[in-house]
Amino acid sequence: MKKSILVILLCTFFFSLTPKKAFAYMVKFKEDWYKLYHVHYQQYPDDCIENIYWLEKAAQADFCNPKFADFKVTDEKQWEKYRYLFQMHINLKLIEQHLRLGRTYDKKCIYFYDAPWKDEYLRNMEKALTCYKAGLYYWQEAKVWFEKSSDAKFNFLYISEKQNWEDERERILTGELNYEKMLTREITRLEKNIAELTAMDKKY
């Protein structure tokens, strides 16, 4: 019995030392890049920057052949709408990531005792401002693809496999989802705070 156990353990040990085949995964198409995007429970700036990189690559990449899409494509019109929705969705996710990144550098309120650290605060606030302004760019892009996906020729065509993307399109249509309003408000507040902090004397 002891001999058998020893043989099993030795076999297991030597098997673990045996080189195993590694399979390469080529990241080429839009769908491949998008799969690399993920949201952490607690997202740090590096996580946001990583996600922005994956999403940017996804936005620029070509679509895979319809045969290999992650849902069953039945006709060209459905495939066309899917592409528009995907581009819209990617741009909305880029806005979310820039908002998350911007908020890590943002300073919501300015206090009189912030003066000794004004230079550091200003550097961070400028980073936040850059993130929010980038978000406005992606909102304009998202609206372009939203309009394409909302063309009259797609009336009564609903891609149920991509319900969350369809929901995003509907929320933009009704005005419930309006990142322009949110980002403009954040930019206005932040510019006011930057001006207030810049004018502050370092006497404290």
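These questions and answers go through a predicted model of one protein chain.

Visitor: How are residues numbered, and which pLDDT is needed for local features?
Guide: Residues are numbered from 1 along each chain as its sequence is written, and side-chain values use heavy atoms, with hydrogens and water left out. In this predicted model, totals for chains, interfaces and linings use all residues, side-chain atom pairs count only at pLDDT 80 or more, and local features need pLDDT of at least 70.

Visitor: How many helices and strands does the chain have?
Guide: Helices (H or I, at least four residues) and strands (E, at least two) are DSSP runs, numbered from the N terminus. Read along the sequence, the pattern is α-α-α-α-α-α-α. The count is 7 helices and 0 strands.

Visitor: Are α4 and α5 roughly parallel or roughly antiparallel?
Guide: Axes are lines fitted to C-alpha atoms, for helices over the stretch in contact, and angles run from 0 to 180 degrees between N-to-C directions. Helix α4 (residues 76-105) and helix α5 (residues 118-149) pack at about 165 degrees, their axes 8 Å apart. Angles under 35 degrees count as roughly parallel, over 145 as roughly antiparallel, 65 to 115 as roughly perpendicular and the rest as oblique. Therefore α4 is, relative to α5, roughly antiparallel.

Visitor: Is Glu 166 buried or exposed?
Guide: Glu 166 lies in helix α6 (residues 163-174). Buried means under 20% relative accessible area, exposed over 50%, partly exposed in between (1.4 Å probe, protein chains only). The relative accessible area of Glu 166 is 1%, so this residue is buried.

Visitor: Which side chain is joined to that of Glu 166 by a polar contact of 3.0 Å?
Guide: A polar contact is a pair of N or O atoms within 3.5 Å; within protein, one must be able to donate a hydrogen and the other to accept it, and residues adjacent in sequence count only if both atoms are side-chain atoms. At 3.0 Å, the partner of Glu 166 is Lys 81.

Visitor: Is Phe 156 buried or exposed?
Guide: Phe 156 sits in the loop between α5 and α6. Its phi is near 70 degrees, a positive value in a residue other than glycine. Because its relative accessibility is 90%, Phe 156 counts as exposed.
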